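Trainee: I am new to this structure. Could you walk me through it?

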Amino acid sequence: MKDMDTQGYTTADGRKIGGVVMEMKNITLRFGGVMAISNISFDIREGEIRAIIGPNGAGKSSMLNVISGFYNPQEGEVIYKGQKRPQMKPYQVARQGIARTFQNIALFEGMTVLDNVMTGRIRQMNAGLLAQAIWKGKAEREETENREAVEKIIDFLEIQHIRKTPVGRLPYGLKKRVELARALAAEPSILLLDEPMAGMNVEEKEDMSRFILDVNDEFGTTIVLIEHDMGVVMDLSDRVVVMDYGKKIGDGTPDEVRNNQAVIDAYLGVAHD
Amino acid sequence: MAQSSQAAEGLGSIPALLQRNAKQFADRPAYREKEFGIWQCWTWAEAEKEIEALALGLLNLGVNEGDFVAIIGRNRPHFYWSMVAAQSVGAIPVPLYQDSAAEEMAYVMDHCGARFAIVQDQEQVDKVIDVQDRLTQFEHMIYIDPRGLRKYDHHKLHQFSHVQAQGRAAHDEFITDLKARREKLDYDSICVMLYTSGTTGKPKGVVLSNRNIIEASRSSAEFDKLSRDEEVLAYLPMAWVGDFIFSIGQAYWCGFCVNCPESAETMQTDLREIGPTYYFAPPRVFETQLTNVMIRMEDAGRIKKWLFDRFMAHARRVGPAILDGKPVSAWDRMTYALGNVLIYGPLKDTLGFGRVRVGYTAGEAIGPEIFDFYRSLGINLKQLYGQTEASVFITLQPDGEVRSDTVGVAAPGVEIRIAENGEVYYRSPGTFEYYYKNEESTRSTKDPEGWVATGDAGFFEEGSGHLRIIDRAKDVGKMADGKMFAPKYVENKLKFFPNILEAVVFGNGRKECAAFINIDLNAVGNWAERNNIGYASYQELAGNPKVLDMIQSHVEEVNRSLAEDPMLAHCQVHRFLVLHKELDADDGEMTRTRKVRRGVIGEKYEDLLGALYDGSTEIFTTTEVTYEDGRKGSISATLQIRDAAVVPVGEHRKVAAE
């Protein structure tokens, strides 16, 4: 593969960012006559927090869905770990180590927090149907191992007190945290967060920001996030892609993006031709 | 005092007790902590190894004898080990409240000149770093949870497990020094320094010696026949003297196991899983639990509800008597036994009290209904009275002599006397040594003979010989006729009604008492909903005539109960009004710990106070309020003033203040 950048860089606070792990090349996504994403390219580096921002309807969630394999773009290619990714189903993408959370929480409401997070370990459970049914040998061993991994995540995200609570009974902010826990349980190398702070109050946002930073710091997880709250984005991210009407209008560090005229126009509202 | 400087069997310090326990109870559990969903356990032998490794690590870091080591975090075995490790190397542990602001920590750490701090996590590390520049003597910080701390400058910052590892590596180099330092400790050496919370003025460092802690632990453990088989749940702040006595003093003396919850939020679940045999909680905790039970029973099915009501009524009637070993008819006993199978047992188990043999509450007055509820279930809940300066124990209630309105008899080894003004004084082996760097306060609190002023007013009840605490001594005043005026006592009686959130009673220097009352919006709101009473605001609800009727009936009930008490019958509330706004710390009417500021309230609502005493039936008033965001506004209302029926007091005895 050509020009794989292996250099990486060091952030202002001393974190080492690695080479490019995923590259989006000239992605175009259409729904019938609607152009959701037009000819967008950008890259994601290992260990960085990469934000995608933009006004409503800019195509951010579509972009995330392209990364997660939910949508297949009509044009362009996704290069993951140096290889062009063929058309894939979302579960195949998940197996490659990409996990996500959803804008409107998608948890199993009737199940407990613990069970929900356990579902994130599905990739690590290989015992046969029979072994699982009688819960012997490999199945038992696997469950113990997975439970241990899940308990570490529960501890990490400080949700011990709701371990046995059905998700349906939880307030919104906690559900978001449970969803993050389930995504983390998959031990992803890339974590996609679709508006992790939407609908949260200031305190919940601060908590969530801390968890995102800690996940990145502790597990070295690459994080791609979509967020509306500009303050949060600018504080958290290493680099930001700005989209508007399906086009990329800016890409760079938070400071660069903040001073980009096209970005300012998009946010303050300038008439589109 | 007549004690020798060395206790029996050479057990003159906490580290010495640890050595004994590690030999005698080697394989018995010493600490448990729930982590990753599982109870992790350390035996006494293992705990001793952990503490030794840490102590060696501290020597390696250069801890000197007499250094102060600040301990900041929630109840975890690691922090208890830290305290004992610090003692082992001759240093003095100073536990701090983990939720204090950086400023308060700065004051305490600067005051004691702490050189080292052992803290929980990034949050605490950040707080200490914030104030570090002002702490001239401060050097090294040790943290337990490494999360988020990787990028920090580690010149003077160490991870707990690394300090222990270095300690183990340097075992041969430092072990002789450690043993020498440990053996130097005796009854006179300082065991711990605890800062009083400082509701008035700056916190004071209370210095407690090994004698104080061990004697207090020994005698109280004998009083309640505590053994090595007890289980306790350590969940109260480590900076509080009670936790030090229960989780270190008594635990080391008796050799029982200290269980640490997974987090503050899981305490209720962990309590149930452990099922402690010896338990302490402030009244607030018991109150919340009871409320939860009642709310859940409201939602229960009809049969369950009927069973619950039926058997609880029976328990209230005979339960306390059975617990106290008083004669109860065979039929009642049988019904109680049936209730135990159907209701009391399962309920106790759900609450985590299934195995409680000795339970204590203290700190403030507990409502008699709450107290009796737990007693009637067969939980041996008792009251004690104490303070930091006494190494907790001043009085205790013996089994079989438990009541909600007294605090019991003098604890073993404690002498008590009541001063002329009604203030309670005590002297005991647990009496603190001195306030650190504060000779003036030491002298004004503790006289040369060792008597300590508690600051509380009380009296011994005739007949039972139990102490009754009435009020803070400085709040106790005199009424116009010279009789004792104890506002807090009356306010507490009023506040025992769920509908009354706060009460402020006036009467100092006056002929009769009057009160301001705050309704509890939750309780009264709930009541209003059930009775189809519509309201749009707090103010409207507070002014509703039916609410006033209800409050009036509460006040009159309090008056009847006061009338039965010869000491305080004259404190009956003659007139009252229900305030149109909640008393609020933002308006300066209460302290942040929700204690009413009588003076401020009296001045602010001068017009209302005047109306209480001039006989008017209503008054229009305007009050300034501060909103949460700091903006100011004003509310005005016309308040009704009600007369409450009082029970005429005939011939009664003279008060202790005479």
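Mentor: Start with a pair of strands. Strand 20 (residues 452–460) of chain B runs antiparallel to strand 21 of chain B, and five bridges join them. Two strands pair if DSSP finds at least two bridges between them. Helices (H or I, at least four residues) and strands (E, at least two) are DSSP runs, numbered from the N terminus.
Before we go on, note that this is a predicted model: local features need pLDDT of at least 70, side-chain atom pairs count only at pLDDT 80 or more, and totals for chains, interfaces and linings use all residues. Residues are numbered from 1 along each chain as its sequence is written, while chains are lettered from A and ligands numbered from 1 in the order in which they are written.

Trainee: Which residue in strand 21 of chain B is the bridge partner of B:Asp456?

Mentor: Look across from strand 20 of chain B to strand 21 of chain B, which run antiparallel. In strand 21 of chain B, B:Asp456 has as its bridge partner B:Arg472.

Trainee: Which element gives the most to the side of domain 2 of chain B that touches domain 3 of chain B?

Mentor: Domain bounds come from an automatic or database domain assignment; for chain B it gives domain 1 (8–267), domain 2 (279–472) and domain 3 (479–643). Nine residues of domain 2 of chain B are in contact with eight of domain 3 of chain B, where contact means C-beta atoms, placed from the backbone, within 7 Å. Helix 14 (368–376) and strand 21 (467–472) of chain B each give two or more residues to the domain 2 side. The most, three residues, comes from strand 21 of chain B.

Trainee: How many residues on that side of domain 2 of chain B are nonpolar, polar and charged?

Mentor: Ala, Val, Leu, Ile, Met, Phe, Trp, Tyr, Cys and Pro count as nonpolar, Asp, Glu, Lys and Arg as charged, and the others, Gly among them, as polar. On the side of domain 2 of chain B that touches domain 3 of chain B, the residues divide into four nonpolar, two polar and three charged.

Trainee: How far apart are the centres of domain 1 of chain A and domain 2 of chain A?

Mentor: In chain A, domain 1 covers 1–97 + 190–273 and domain 2 covers 109–187. Ten residues of domain 1 of chain A are in contact with nine of domain 2 of chain A. Helix 7 of chain A gives the largest share of the domain 1 side, four residues. Taken over C-alpha atoms, the centres are separated by 27 Å.

Trainee: How are helix 1 of chain B and helix 3 of chain B oriented to each other?

Mentor: Helix 1 (residues 14–24) and helix 3 (residues 77–88) of chain B pack at an angle of about 110 degrees, with their axes 8 Å apart. B:Ile14, B:Pro15 and B:Leu18 in helix 1 meet B:Val84, B:Gln87 and B:Ser88 in helix 3 of chain B. Angles under 35 degrees count as roughly parallel, over 145 as roughly antiparallel, 65 to 115 as roughly perpendicular and the rest as oblique. The two helices are therefore roughly perpendicular.

Trainee: Is B:Val392 buried or exposed?

Mentor: B:Val392 lies in strand 15 (residues 392–396) of chain B and has a positive phi of about 80 degrees, although it is not a glycine. A residue is buried if 20 or more other C-beta atoms lie within 10 Å of its own, exposed if 12 or fewer, and partly exposed in between; C-beta atoms are placed from the backbone. B:Val392 has 30 within 10 Å, so B:Val392 is buried.

Trainee: And how does A:Tyr245 count?

Mentor: A:Tyr245 is in the loop between strand 11 (239–244) and strand 12 (247–252) of chain A. Phi of A:Tyr245 is near 45 degrees, a positive value. With 15 C-beta neighbours inside 10 Å, A:Tyr245 counts as partly exposed.

Notes
Contact = placed C-beta atoms within 7 Å. Axes fitted to C-alpha atoms, helices over the stretch in contact; angles between N-to-C directions.
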